[in-house]
Amino acid sequence: MAPLIFLILLFLKISSSIAQGPPSPGYNPSFKISTLGFDHGFRTLWGPQHQNLDHGTLTLWLDSSSGSGFKSLHPYRSGYFGAAVKLQPGYTAGVITSFYLSNNQEHPGNHDEIDIEFLGTTPDKPYTLQTNVYIRGSGDGNIIGREKRFHLWFDPTQDFHNYAILWNPTEIIFLVDDVPIRRYQGDSDATFPLRPMWAYGSIWDASSWATEDGKYKADYKYQPFIGKYNNFKLGGCKADSPTLCRPPSASPFGSSGLSQQQYSAMEWVQRNYLVYDYCHDPKRDHTQTPEC
């Protein structure tokens with residue numbers, strides 16, 4: 001009986017720890033970047049009739065006629081890129097709400113991209129946050145993605161939460177409410193994006209793959225599908241900034257990498273909420289992703 005009681009108490013302790021969320025990373029890189037009004041950093045890219053800006057909050061929606069998207073006013077070669085996002089509850093299968101970096105308009109067919117994508121879902125399952133990195137056309141044609149997918153330790157439909165990409169010449173760090181969830185490093189321009197990129201956001205229909213590999217499609221009887229954005233942050237080195245420009249750091253030391261406390265928080269997230277890692281997918285050809 002004693003071992004059983006011990007196991008039950010251990011389970012309750014672990015469950016309680018998970019329910020409380022991740023340990024504090026001890027540092028908030030977002031505090032170093034000023035909030036930006038949408039019009040001061042971005043412009044409408046497509047679907048203007050499916051956008052509304054009200055008191056600093058941008059609402060995008062998708063219906064059977066169109067989705068919508070926006071783009072930063074300037075390209076950047078490194079920096080901190082963030083926004084607070086609130087997602088729609090209920091049936092959202094097939095719908096992607098995103099915030100990402102890309103140069104696909106500058107380099108069509110040979111572009112770079114760093115993604116935060118919220119993959120729509122059915123009411124009985126949580127949203128999946130997908131992080132991804134494409135390098136020099138690996139997202140074009142024969143797609144070579146570097147996806148890591150996570151569930152979240154909170155309900156992203158109940159309130160706004162901050163999501164960010166920190167990109168500098170040696171690393172990419174994905175953050176949720178200043179908690180690092182993934183760090184990606186590359187050792188050459190074949191495995192790491194180095195060309196300038198713009199920041200984008202969008203909502204669109206990706207029924208062919210977004211929800212359980214396309215098993216569930218967008219159902220427009222639930223339209224419109226809505227994504228809300230505010231607390232926009234853009235900080236770093238624009239493409240035409242002086243060579244001496246230094247990008248923001250994710251760590252309290254002002255250097256690349258993370259502090260030990262940040263690593264501990266990231267490991268907690270990956271231990272409890274990582275649901276897919278391209279490096280551990282036996283169906284993938286890992287000769288195309290040497291970093292694995």
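Predicted model: local features only at pLDDT ≥ 70, side-chain atom pairs only at ≥ 80, totals over all residues.
## Close-up views of the sheet and its salt bridges

View 1. Strands (E, at least two residues) and helices (H or I, at least four) are DSSP runs numbered from the N terminus, and two strands count as paired if DSSP finds at least two bridges between them. Residues are numbered from 1 along each chain as its sequence is written, local features need pLDDT of at least 70, side-chain atom pairs count only at pLDDT 80 or more, and totals for chains, interfaces and linings use all residues. Side-chain values use heavy atoms, with hydrogens and water left out.

**View 2. The pairing of strands S6 and S13.** Strand S6 (residues 95-102) and strand S13 (residues 198-205) run antiparallel and are joined by eight bridges. Among the paired residues, Thr 97 has Ile 203 in S13 as its bridge partner.

**View 3. The salt bridge between Arg 195 and Asp 112.** The structure holds six salt bridges, each defined as a side-chain nitrogen of Lys or Arg within 4 Å of a carboxyl oxygen of Asp or Glu. In one of them, the side chains of Arg 195 and Asp 112 meet at 2.8 Å, N to O. Arg 195 lies in the loop between strand S12 (179-185) and S13, and Asp 112 in the loop between S6 and strand S7 (113-119), so the pair ties together parts that are 83 residues apart in sequence. Arg 195 is buried, with a relative accessible area of 12%, and Asp 112 is buried, at 1% (buried means under 20% relative accessible area, exposed over 50%, partly exposed in between, with a 1.4 Å probe and protein chains only).

**View 4. The salt bridge between Arg 146 and Glu 291.** The side chains of Arg 146 and Glu 291 meet in a salt bridge of 2.6 Å, N to O. This pair links distant parts of the chain, 145 residues apart, with Arg 146 in the loop between strand S8 (128-134) and S9 and Glu 291 in the segment after S15.
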